[in-house]
Structure formats: structure tokens, C-alpha cells
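Please have a look at the sequence and the structure first, and then read on.

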Amino acid sequence: IIDRPIGSRHPVWKFIYSLNYGYVPNTVSTDGDCLDVYVLGVSEPLREFTGRCIAVIRRPDGDDKLVLVPEGKDYTDEQVRVLTEFQERFFSSTIVR
């Protein structure tokens with residue numbers, strides 16, 4: 001489920017999402033919320049997405065993010081870091097493959 005599509009604004013911090021961001025329904029991450037996802041490789045706003053997980057952005061606080069892409073696409077760790085920088089710059093994290 002994409003609840004923050006490209007171009008939407010964060011409800012508290014007011015930054016703009018430069019990619020689609022959402023969650024996997026019926027999951028529980030270590031922070032107690034649904035597992036969050038970044039969707040790379042799709043340039044239009046989405047409501048839902050099914051794709052391939054290429055990485056996990058792991059934060060020390062347990063608020064991990066899946067990195068999803070369409071079939072046939074892939075990104076290096078550096079590309080993932082650059083594309084998610086709009087939000088991840090505020091957090092310490094590692095990319096796990």
C-alpha cells in the first residue's frame with residue numbers, strides 16, 4: 001500500500017516524497033508498525049505496488065525499510081542511498097542485501 005506517493009508532503013516534517021513510500025499490510029516491524037517500503041524505479045504516483053525486494057535499510061531503532069523495485073530493475077547501494085536521501089539523511093542506517 002502506498003500511502004505517501006511521489007510528490008506528497010510528510011504530515012509532520014513537511015518534506016516532499018521524491019519516490020513512492022508505503023507499507024506492507026498485515027506485517028509488524030520491530031518498531032511495532034507495519035513494515036515500511038520505498039519503491040524505486042517507478043516515476044508516477046502509485047496507490048499499490050507489487051515488486052521485488054532488493055535491500056533493507058536497517059536503522060538502529062528498528063524502523064527498517066524494504067527497498068522494492070519492478071521486476072528487471074536493480075540499484076546499487078549508492079543509488080539506493082542517493083534516492084532515499086530525502087528522508088534517510090535524518091537517520092543513521094545501513095543497507096543490507
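## A salt bridge to start with

E85 has a relative accessibility of 37%, so it counts as partly exposed (buried means under 20% relative accessible area, exposed over 50%, and partly exposed in between, with a 1.4 Å probe and protein chains only). R89 is partly exposed because its relative accessibility is 49%. E85 and R89 form a salt bridge, with 3.9 Å between the closest N and O atoms; the term stands for a side-chain nitrogen of Lys or Arg within 4 Å of a carboxyl oxygen of Asp or Glu.

A word on the model itself: it is predicted, so local features need pLDDT of at least 70 and side-chain atom pairs count only at pLDDT 80 or more, while totals for chains, interfaces and linings use all residues. Residues are numbered from 1 along each chain as its sequence is written, and side-chain values use heavy atoms, with hydrogens and water left out.

## R97 and its two partners

How many salt bridges does the structure hold? There are eight. One of them joins the side chains of R97 and D74 at 3.8 Å, N to O. This pair links distant parts of the chain, 23 residues apart: R97 sits in the segment after β6, and D74 in the loop between β5 and α1 (77–88). Helices (H or I, at least four residues) and strands (E, at least two) are DSSP runs, numbered from the N terminus. R97 and D74 are both exposed.

R97 also meets the side chain of D77 in a salt bridge of 2.7 Å, N to O. D77 belongs to helix α1 and R97 to the segment after β6, so this pair ties together parts 20 residues apart in sequence. With 37% relative accessibility, D77 counts as partly exposed.

## The hairpin and its turn

β4 (52–58) and β5 (65–69) have a loop between them, and D63 is found there. The two strands, β4 and β5, pair in the antiparallel sense over five bridges, where pairing asks for at least two DSSP bridges between the strands. A55 stands opposite V67 of β5. β4 and β5 form a hairpin with six residues between them, and G62 in the turn has a positive phi of about 90°. On β6 (residues 94–96), three bridges make the link to β4, and these strands run antiparallel; here R58 stands opposite T94.

Is D63 buried or exposed? D63 counts as buried, because its relative accessibility is 14%. Its side chain makes a polar contact of 3.2 Å with that of R59 (a pair of N or O atoms within 3.5 Å; within protein, one must be able to donate a hydrogen and the other to accept it, and residues adjacent in sequence count only if both atoms are side-chain atoms). Apart from neighbours within four places in sequence, D63 is in contact (heavy atoms within 4.5 Å) with T30, D31 and D36.

## The nonpolar core

The largest nonpolar core has 15 residues, and L40, I54, V67 and V80 have the most contacts inside it. Such a core is a set of buried Ala, Val, Leu, Ile, Met, Phe, Trp, Tyr and Cys residues joined through side-chain atoms within 4.5 Å. β4, β5 and α1 are the elements that give two or more residues to this core, and β4 gives the most, with three.

Beyond residues up to four places away in sequence, V67 touches Y38, L40, R52, C53, I54, A55, I57 and V80.
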